Amino acid sequence: GYAPLASAVAEFHHAPFRCYVREHTFGLLPGLPNLYCLDGAFRLQWMAEWPDLNDPCAKIVGEKDGVLEVISQKGLNVRLDAFTGRLISVGSALADVG
């Protein structure tokens, strides 16, 4: 792992040609998701199309086959398009295990 670059950054995950960033929600402007994607030159590519801003991203699981999987604070599995940040699906993390 890598250490966060700034105090607001809670976690980041490197993928080929991009980096996913999760920020602490403390001090975040209302209405903005706490998950976004940067390109290799650290330019903003997208901010996540987040399903519930009252249930922010809590963990970046990883990217596979163009899909970014993350876990919300309430434990929901959120799947996003890795190239656009658009929401693909939201489901129970427990349902995905079975």
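The protein chain exposes about 6200 Å², and carbon and sulfur atoms supply 57% of that area; accessible areas come from the Shrake-Rupley method with a 1.4 Å probe, and for residues only the protein chains shown count as cover. The model is a predicted one, in which local features need pLDDT of at least 70 and side-chain atom pairs count only at pLDDT 80 or more, while totals for chains, interfaces and linings use all residues. Residues are numbered from 1 along each chain as its sequence is written, and side-chain values use heavy atoms, with hydrogens and water left out.

Of the 98 residues in the protein chain, 36% are buried, where buried means under 20% relative accessible area, exposed over 50%, and partly exposed in between, with a 1.4 Å probe and protein chains only. Among the contacts in the protein chain with a separation of 6 or more, 23% are between residues 24 or more positions apart, a contact being heavy atoms within 4.5 Å.

Helices (H or I, at least four residues) and strands (E, at least two) are DSSP runs, numbered from the N terminus, and two strands pair if DSSP finds at least two bridges between them.

An open sheet is formed by four strands in the order β1-β2-β3-β4, with antiparallel pairing. Because β1 (9-15) and β4 (44-47) stand at the edges, each with a single partner strand, one side of each is left without a neighbour in the sheet. From one strand to the next the twist averages 20°, with axes taken as lines fitted to C-alpha atoms, for helices over the stretch in contact, and angles running from 0 to 180 degrees between N-to-C directions.

| Strands | Bridges | Residue pair |
|---|---|---|
| β3 (35-39) and β4 | three bridges | L38 and L44 |
| β6 (67-72) and β7 (76-81) | five bridges | I71 and N77 |
| β7 and β8 (87-92) | five bridges | R79 and S89 |

Strand β7 takes part in two hairpins. In the hairpin that β6 and β7 form, three residues lie between the strands, and G75 in the turn has a positive phi of about 90°. The hairpin of β7 and β8 has five residues between its strands, and there G85 takes a positive phi near 80°.
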